[in-house]
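Hi,

Here is the model we talked about, with the sequence alongside. Have a look first, and my notes follow below.

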Amino acid sequence: MEKLLEVKNLTTCFVQEGREIPLVDDVSFFINKNSVLGFVGESGCGKTMTALSLTGLLPGKNCKIVSGKINFNGQTINQIKEKDLKQIRGKEITYIFQEPSTCLNPVLNIKEQLSEVVQLYCKEISPEQINQFLIKQLELVGIRSPEEKLLSFPHQLSGGEKQRVMIAMSMIPRPALLIADEPTTALDVTIQAQILKLLDKLRQETGVAIMLISHDLNVIAELSDYIAVMYAGQIVEFAKAEQLLSKPLHPYTQGLFECLPKKEHNNQNKLKAIIGEVPKSGNFPTGCRFHPRCPQKFDKCAQAMPALFKPNPDQEVRCWLCSD
Ligand SMILES: Nc1ncnc2c1ncn2[C@@H]1O[C@H](COP(=O)(O)OP(=O)(O)OP(=O)(O)O)[C@@H](O)[C@H]1O
Ligand SMILES: [Mg+2]
């Protein structure tokens, strides 16, 4: 498998009164071409910050990458000029977010909004061809009556249709990598399943690789080839999906599994929550950051941060239980 993106030792900080507070801390992972990497973890673990770091989209001057390498298609993209990075962001790497409404302009119809992207990134499409091209794009993402929908305004579309329009918009430049940050969180369960199916279809048909971010392990399990589990700014487990899903090794990953509703539980309230909360950035405990919540902790866990151990070739785990 050929790597499309390789991130090595990425650290992104929030700078406050001269103090660097890590939001993403020494994170390494890769995404193979035409495959799906799932990113999972509770709220505040650093999933979005990791995704935004990749193309320098961090919010405000106080957030910055302080170390690490982001290699995309053979180029170290965190060490190139902003002008060159702009060629990659929005064209080769595109994003969709949780709330499509906030990304669509309420006063422009769908055709006007999609046309802007075509004019920017698909110079070969002439003005006469645009309508036909856009109809095809909406068909690709499964929108019914595309001619009519092109003339609609965002408020006339359902939540699922808006997300499909956003996906169409992000696919128009034919990106090599689509970053989908909680793309189904705002949608109800049946629509969620349809959007996931659509992402999988797009991967198969266009060859795009997908970084799928969700706090919901069920969503991640559905599509991913590899899975990264984030906790308190770090990746605590990174593995091939089938490996991680059949044998999660980090107690945090195991905890995420125990939070999933299981069929055999007959909906009786047997879900276990992971007790406690994700520590705030800048306020991480010493040792393993998960140890205050960990049911399997022992003395060493509070004293020293575990390295990423590799108990088998397809699995990396930041836990003393996996050291040898
Ligand atoms: N604009 C910002 N400036 C400074 N810190 C921020 C900013 N946005 C988020 N953070 C902090 O960065 C850390 C990581 O947040 P991030 O949004 O990446 O988490 P997440 O895993 O995406 O969570 P969620 O599931 O809620 O989207 C959190 O501690 C958060 O408080
Ligand atoms: Mg987020």
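A word on contacts before anything else: two residues count as in contact if their C-beta atoms, placed from the backbone, lie within 7 Å. By that rule, residues 24 or more positions apart account for 65% of the contacts in the protein with a separation of 6 or more.

Some housekeeping. This is a predicted model, where local features need pLDDT of at least 70, side-chain atom pairs count only at pLDDT 80 or more, and totals for chains, interfaces and linings use all residues. Residues are numbered from 1 along each chain as its sequence is written, while chains are lettered from A and ligands numbered from 1 in the order in which they are written.

Overall picture

The C-alpha trace spans about 70 × 55 × 40 Å along its principal axes. With 324 residues, a compact globule would have a radius of gyration near 20 Å, and the protein's 21 Å agrees with that (taken over C-alpha atoms; the globule rule is 2.2 Å times the number of residues to the power 0.38). There are twelve helices and twelve strands; these are DSSP runs, numbered from the N terminus, with helices being H or I of at least four residues and strands E of at least two. Of the 324 residues, 40% count as buried, meaning that 20 or more other C-beta atoms lie within 10 Å of the residue's own, with C-beta atoms placed from the backbone.

Two domains

The domain assignment (automatic or from a database) gives domain 1 as 3-92 + 173-322 and domain 2 as 108-172. Their C-alpha centres lie 30 Å apart, and the contact takes 14 residues from domain 1 and eleven residues from domain 2. On the domain 1 side, helix α8 (residues 189-206) brings the largest share, six residues. That side has ten nonpolar, two polar and two charged residues. For the classes, Ala, Val, Leu, Ile, Met, Phe, Trp, Tyr, Cys and Pro are nonpolar, Asp, Glu, Lys and Arg are charged, and the others, Gly among them, are polar.

The shell has 16 residues, and S43, K47, T48, M49 and S281 come nearest (near means a C-beta atom, placed from the backbone, within 6 Å of the molecule). By class, the shell divides into six nonpolar, eight polar and two charged.

Helix α1 (residues 47-54) is also mostly covered, with seven of its eight residues buried: K47, T48, M49, T50, A51, S53 and L54. Just after α1, G56 takes a positive phi of about 65°.

Cheers

Note on methods
A residue is buried if 20 or more other C-beta atoms lie within 10 Å of its own, exposed if 12 or fewer, and partly exposed in between; C-beta atoms are placed from the backbone.
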